[in-house]
Amino acid sequence: MGSSKVLNNYGSFDVTFKYGKGSVLTDVNNKKYVDFLSGIAVNCLGHGYKPLVNAIKKQAARQIHICNYFMSDTGTAYADELLAVTGFDGVFFGNSGAEANEAAIKLARKYGQLNGGSKRKTIVTLERSFHGRTLATLTATGQEVFHPECFGPYQSEFKTIRANNYDDLKTAFDGTTAALMMECVQGEGGVILLDPEWAQAAAKAAHEAGAIVIADEVQTGMGRTGVLLASDELGINADVVTLAKAIAGGVPMGACLYRGKADVFKAGDHQSTFGGNPLACAAARVVLKTLTSPGFLDNVKKNGEYIRSTVKSWNMKCVTDVRGKGLMTGIQVNCDPVDIEKKCLAKGLLFSTAGKDTLRLVPPLNISKKEIDLGLSVLKSVLVYY
Ligand SMILES: *Cc1c(COP(=O)(O)O)cnc(C)c1O
């Protein structure tokens, strides 16, 4: 790593990986690590998953990229499958979560323009949210640490309200609101669950004020929480859902799904050179097929419950809360989470922290019981020292 000239934005650890199989990674010194991180909730089918690798190989030999002046058979097939299973009317494909959210913000602004003119432009987001690193999605992100002065000026017509707070709902939306945008589980904020009743009330209030509801499912979608779309389970009638991270199993891809009154994009409104690239779509088709295969999501739920009940059963002094949904788990601690993260890494377990005080476990969705137990044994052996 010492000689690497790659912009070190994440304060990287001094580990260089060369190989992965299932939910186990191997570094250049042949040391093995259980992967409870999945490249930040991306490698949903783990590493070296045969059907995924084979589909990518086959597609690469046939057609890697064509521009969006035309359609590719693979892209059209994936779009049809995705819309059929999610119940949306249309989709814009991009390459990342930020890009999917940018599309959603542009869509909301156009919706606002068509339904109230230049007055209806405000995007309401939640405190502790994370929506991406482009300027608009940074502005949308409800955490001050993401708004250093050096990158300003940020966008206007964004405002935040507190999650799970009914007082804030009273004044949150009016004729100037274009959209309410929220994560269903706040991932980067610390794996914070939304109270379904509050989320439904917020969505209803936004709709009643004439705004649309955008669910940022870049991390929760699809399958991560044990259901295909967390927004469906939350019952918020989202008009727009954004996806990225896991949807193509590790190949960069983002998507902005829209339906009903949010179907406002016309040809030429928004584009992306690589968006809906056939290679990414070929990978995404395998992911979708696997997620929707019988029993797969039930297993995600079961394994998530198993992880949380096991960690709770340890009754560790340093653990103040264990929460999550499906294979998205937050372990809140009363000590430095990064210290725990580093010690686990040294002992062969990979995960990340989220928020100020939370360990975030987002293993591959097809992780085996054996791999889970292996990872949990490392975590336990470290937590006992705090
Ligand atoms: C990761 C994430 C993003 C940003 O995705 P990128 O692919 O890094 O641009 C946006 N929203 C949520 C909820 C995320 O977890």
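This report covers the ligand site and the domain contact of a predicted model.

## Basis

Residues are numbered from 1 along each chain as its sequence is written, and side-chain values use heavy atoms, with hydrogens and water left out. In this predicted model, local features need pLDDT of at least 70 and side-chain atom pairs count only at pLDDT 80 or more, while totals for chains, interfaces and linings use all residues.

## Ligand shell

## Polar contacts and cover

Polar contacts are pairs of N or O atoms within 3.5 Å. An oxygen atom of the ligand lies 2.7 Å from a side-chain N or O atom of Lys245. A ligand nitrogen atom is 2.8 Å from a side-chain N or O atom of Asp216, and a ligand nitrogen atom is 3.3 Å from a polar backbone atom of Phe130. The protein covers 83% of the 390 Å² of accessible area that the ligand has on its own (Shrake-Rupley method, 1.4 Å probe).

## Domains

The domain assignment, automatic or from a database, gives domain 1 (17-49 + 295-383) and domain 2 (63-291). Their C-alpha centres lie 26 Å apart. The contact (heavy atoms within 4.5 Å) takes 27 residues from domain 1 and 26 residues from domain 2.

Domain 1 and domain 2 bury about 2200 Å² between them, 64% of it on carbon and sulfur atoms; buried area is the accessible area (1.4 Å probe) lost on putting the two parts together, summed over both. In domain 1, Leu297, Lys325 and Met328 lose the most area to domain 2, together 27% of what that side buries.

Key
Polar contact = N/O pair within 3.5 Å; in protein donor to acceptor, adjacent residues only side chain to side chain.
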